[in-house]
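Please look through the sequence and the model below before reading on. The briefing that follows goes through a hairpin and its strands, then aromatic rings, and then charges placed over rings.

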Amino acid sequence: MANKDRNKTILLELGKLPDNNQCADCGAPDPDWASYKLGVFVCLNCSGVHRNLSNISRVKSLQLDFWDDELVKVMKTNGNATGRAVYEKAVPAFYYRPQQEDCAVLREQWIRAKYERREFTGETKYPPLAYTTGFFEGMLWKKGKEKGQFQRRKFVLSEKEFTLAYYNKEDPSKGPKELISIKDVNVTFQPEKIGHAHGLQITYQEDHHTRSIFVYHESGEEIVNWFNAIRAARFAYLKTAYPTGSDKELKTRITRNYLKEGYMEKTGPMQKETFKKRWFILDSQDRKLLYFKSQLDAEELGVVFIGTETNGYSVSECVPKRTRGNRWRCGVTMETPDRQFVFMCEQEREQREWVEALRQVISKPMQPQDYTTEANIRGKS
């Protein structure tokens, strides 16, 4: 018993060391599990993926399981910093490193890529990894306009041309249904919205409108490869467009998750029209609040630019109002230089979250390109 308690104390102290005090795979604080075959400390969620890699990784709880002297020695000798030096030696700059709040497929494929497929050890891979070749093609299930059904469509990504194309028919000789410039593409995982664990939303600009494509693939590895292939093409484009930008600066602009999404109710510009339920997306990078009739619409109904307080933009909570069905709703009031917007939420928690998120965008300084975006949006309204 004394030996068990001593080893437990040693492990807990090891887990408090810099590098070890965050999950080796997703960065979650205070991991309470460890892989004694790999010598790394991981969180509960990531330990579940490690359990499915029994030939490569074996996990134990720091608190609940028995650790003998040999296993404690393994953890002393290794640790998260040592693991990263081996398994993350050559992670491409564009490759997305999942965080604890990211969806399950991203975290699982990151762990499998590191330890099972050893994609980042610096060894020469043949054939080369799909997302590193500059050209990627394959079949994805895409949501169609008719009845919202998903249909198999061929997609082709060309880093050389900075384009993403998809075809309604498998025969490419008939030309693509859509040829999308990588210049304004964003891609983000949306499993709950799409209703599939591997659901991906691809957005792009067309005639000053934001359009969305919703896709998935049965294979987690394949959909994450698509995600990182698009990121690779975006990174290559940014390197061309901003040749003096550092990798660290450009990485933040490759793709992004939206700051907040959800339903609110809105009225018209005169604030006399009936409140209607709309799906809102807050894109903090482009300073846009977009709204849609439903969450899987291909094109937005409208967009509100969000500037800074010094430029006449502000947001606040507003008193409850009656909306559809004679129901009371708590609201969000947003002031712009030429208009006031009122959005109603079902719960006070949602109201607070929207106000906080909008204030976060308003507090950010505007970049030169933001003034062009503002002029384009206000010119349409």
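**A hairpin and the rings around the chain**

In this predicted model, strands E9 and E10 form a hairpin that leaves 2 residues between them, and Asp207, which lies in the turn, has a positive phi of about 55 degrees. The points below begin with the strands of this hairpin and then turn to the aromatic side chains.

**Strands around E9**

- Strand E9, which covers residues 200-206, is joined to strand E10, residues 209-216, by 7 bridges, and the two strands run antiparallel.
- Within this pairing, Glu206 stands opposite His209, a residue of E10.
- Strand E9 also pairs with strand E8, residues 186-189, again in the antiparallel sense, and here the pairing extends over 4 bridges.
- Between these two strands, Phe189 is found opposite Leu200, which belongs to E9.
- Strand E9 is mostly covered, since 5 of its 7 residues are buried.
- As background, the side chains of a regular strand alternate between the two faces of the sheet.

**Aromatic pairs**

- The structure holds 21 aromatic pairs, and two of these are described here as examples.
- The rings of Tyr36 and Trp67 have centres 6.2 Å apart and planes at 85 degrees, and because an angle over 60 degrees counts as edge-to-face, this pair is edge-to-face.
- Tyr36 lies in the loop between strand E1 (33-35) and strand E2 (40-42), while Trp67 lies in the loop between strand E3 (59-61) and helix H3 (69-77), so the pair ties together parts that are 31 residues apart in sequence.
- Trp67 has a relative accessibility of 3% and therefore counts as buried, the limit for that word being under 20%.
- Trp110 and Phe120 form a tilted pair, with 5.5 Å from centre to centre and 35 degrees between the planes.
- This second pair links distant parts of the chain, as Trp110 is in helix H5 (residues 104-116) and Phe120 is in the loop between H5 and strand E4 (135-143), 10 residues apart.

**Charges over rings**

- The charged end of Lys260 sits over the ring of Trp354, at 5.2 Å from the centre of that ring.
- In a further case, the charged end of Lys277 sits over the ring of Tyr263, and here the distance to the ring centre is 4.6 Å.

How values were computed. Residues numbered from 1 in each chain as written. Predicted model: local features only at pLDDT ≥ 70, side-chain atom pairs only at ≥ 80, totals over all residues. Heavy atoms only, no water. Phe/Tyr/Trp six-rings, centres within 6.5 Å; stacked < 30°, edge-to-face > 60°. Buried < 20%, exposed > 50% of the residue type's maximum accessible area, 1.4 Å probe, protein only. Lys NZ or Arg CZ within 6 Å of the ring centre and 35° of its normal. Pairing = 2+ DSSP bridges.
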